[in-house]
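Look at the structure below and follow how its parts meet. The text starts with one pair of side chains and then widens the view.

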Amino acid sequence: MPANPQYLSSNWQRFAKISAGFLGGYFVTITFHMVLSYWLNHVNVIITSTFTGYILWVGLMIIAFLAKNGWKIWGIYLLITLLFSAIIYFSKIYHPILFS
Amino acid sequence: MKNRIYNVLFHTHTVSGIVISVVLYIIFFAGSFSFFRDEIIGWENNQSVEITNQIQLNFNAALDTLNATYDLHGRDIDISKNHMEQQVRVSISASKDTLATEEAKTSHFLYLDTKDYSEKTYLESYSLGEFLYRLHFLAQIPYPFGYYLAGFIALFFLFAIITGVLVHWKKIVTNFFLFRPLKKLKTLWTDAHTALGMLGLPFQFIYAVTGAFFMIKLVLVAPTVMVLYDGDQAKFYEDLEYSRPTFEPEHNTLTSKIDINYYVEQTKNLWDDFNVTEVHLVNYGDTNMHVLVNGSLDFKTKFTGTGAAIYKVSSNSLVSKKDPIKNTSYLDGVKNTLYRLHFGDYGGYALKIISFALGLISCFVIISGVMIWLVARDKKNIPEKKRRFNKRVAIVYFAISLSMYPITALSFIAVKIFQPEGQLFIYSFYFIGWLLLAIFFTIKKSLYFTNKYTLLSGSILGFLIPIVNGVVTKNWIWKSLYNGDFQVFFIDAFWITLAVITLWITFKLKRKTD
């Protein structure tokens, strides 16, 4: 029942996967919800994120552990974050939220 | 599922589970008792109140009393009912009157008894009920560490739940009714853990998500405010309808009479089954005085029925209203649902009792998880040193977690005998007592002993609680039932029931090879 050691990673890999899941997953979650805020009703997206945010974050943590290479998944999460950040940047200029 | 994926999920489930286990147990144990926070407080004060969300207060009389003490002119006064208690929360702002004295320019916060208008500070009205409620989000650990610890534990609990379900996926249906207590030890704990884990899954999922939201919502809010709102926090709160309309004082004295009871009655007449939960008085005594009445429909009538009415006092007119029947939005729905699901207060006592039971079941899921971890590593191929270490970990975990039962029961007795005491007494009694018990059970070095004697001592103390209550207050359980003092009766009956169940479990415990 203790997991078969052959599937456990080296210490650096562990650090990579844990940090990728926790930090990388966090960045992906918030940038994702922010992108949605610019293109859907922002109030509804924000209040929905109070539960979808945590569920998505945990989902991304799990995926990070399933990855074969912790640094690769870090890279993927960073790329996604950058992509979403770029969308946010351009959305702010060309499709901003119209506050009442 | 591929072998590698299964092993990864299994390992992460084990590690996340073991790491959060003790703190999560504390949260779930204290949290289960928190469903009855208001009943515990009623029992402590030997008071029973009507179970309703409606503020039951003669506002005019209360304000007369407050005016005599504080000179309310030019101030904003917020009165709210957050619990089923014989008191309401009152917040009085500094006076905005330009001619106000220095004394009038101070704000005040107090609890007001709804029957005799006596005042108490937060510390003066502190109780065991409030203590257990705050313990369940670790508030006694200095802010912000306690709050954030509780929040992240909830987040990792969500991780543990999801990985646990994925690990168990293929056997969910086949093993749903499987319980083999007579096979080997590891099988007993595994069957118990998976069966109760599956049963409690919806409950635990809801609490993991809502729990995380309540405590660490800042991690979602901060980037949103920074990026979407360019730092404009006020606009953020306004958009999410957490702010109220403001009114500037005109600095002229209002000549007409102020009758708050009238506005509350008017609001209740607007909609059937409407409970007024908050009353906000803006610019008291000024010509631009307004009264904001907030509340919601009874949960039986409509789950999300938040409504409000705003009145201008000088013209006695309704300025605006939010219809709780027709105008509830998705925003209202989500905000309300997060609270209702977590507090479990929309289904009367039946829901609270079921929620309490599921909370204790979750505690058992945690304990059984620790046991699986321990027993699975009690194999010949694990070095003796590691096995001793694992055993010590389990002994300490058990000592800390299971001691909560007797110390909680003993604290009920203590607050009844030594009342009225305050926060310092409750903190000292509970924490020092808990520490002593945990040290005692750690030294005894036996899981069986800890299990049996925490349950046994808790049961005995539980039986003593209604007896001590009867002796001290003379409000014996048959009297409180007969007189309709429901909150007092409930706690006495609750402890008798709980003690019977845990005593029965104690007798059923047979020593297995420890």
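In this predicted model, the side chains of A:K92 and B:D230 form a salt bridge, with N and O 2.7 Å apart. The rule finds one salt bridge across the interface of chain A and chain B. It also finds nine residue pairs in polar contact across this interface, with both residues of a pair at pLDDT 80 or more.

Which helices of chain A supply at least two residues each to the side that touches chain B? They are α1 (11-39), α2 (42-66) and α3 (70-94). Of these, α2(A) gives the most, with 17 residues. Sorted by class, the side of chain A that touches chain B has 26 nonpolar, eight polar and three charged residues.

Now take both chains together. The contact involves 37 residues from chain A and 45 residues from chain B. The size of an interface is often given as the accessible area lost when the parts come together. Here chain A and chain B bury about 3900 Å² between them, and 77% of that lies on carbon and sulfur atoms.

The next topic is a pair of helices within chain B. Two packed helices are described by the angle between their axes and the distance between the axes. Helix α6 (residues 185-199) of chain B packs against helix α7 (residues 201-216) of chain B at an angle of about 70°, and their axes are 4 Å apart. Angles from 65 to 115 degrees count as roughly perpendicular, and α6(B) and α7(B) are therefore roughly perpendicular to each other. On α6(B), the contact is made by B:L196, B:G197, B:M198 and B:L199, and on α7(B) by B:L201, B:P202 and B:Q204. By class, this contact of α6(B) with α7(B) has five nonpolar, two polar and no charged residues.

Technical notes
Residues numbered from 1 in each chain as written. Chains lettered and ligands numbered in written order. Heavy atoms only, no water. Contact = heavy atoms within 4.5 Å. Buried area = accessible area lost by both parts, 1.4 Å probe. Salt bridge = Lys/Arg side-chain N within 4 Å of Asp/Glu carboxyl O. Polar contact = N/O pair within 3.5 Å; in protein donor to acceptor, adjacent residues only side chain to side chain. Nonpolar A, V, L, I, M, F, W, Y, C, P; charged D, E, K, R; others polar. Axes fitted to C-alpha atoms, helices over the stretch in contact; angles between N-to-C directions. Parallel < 35°, antiparallel > 145°, perpendicular 65-115°, else oblique.
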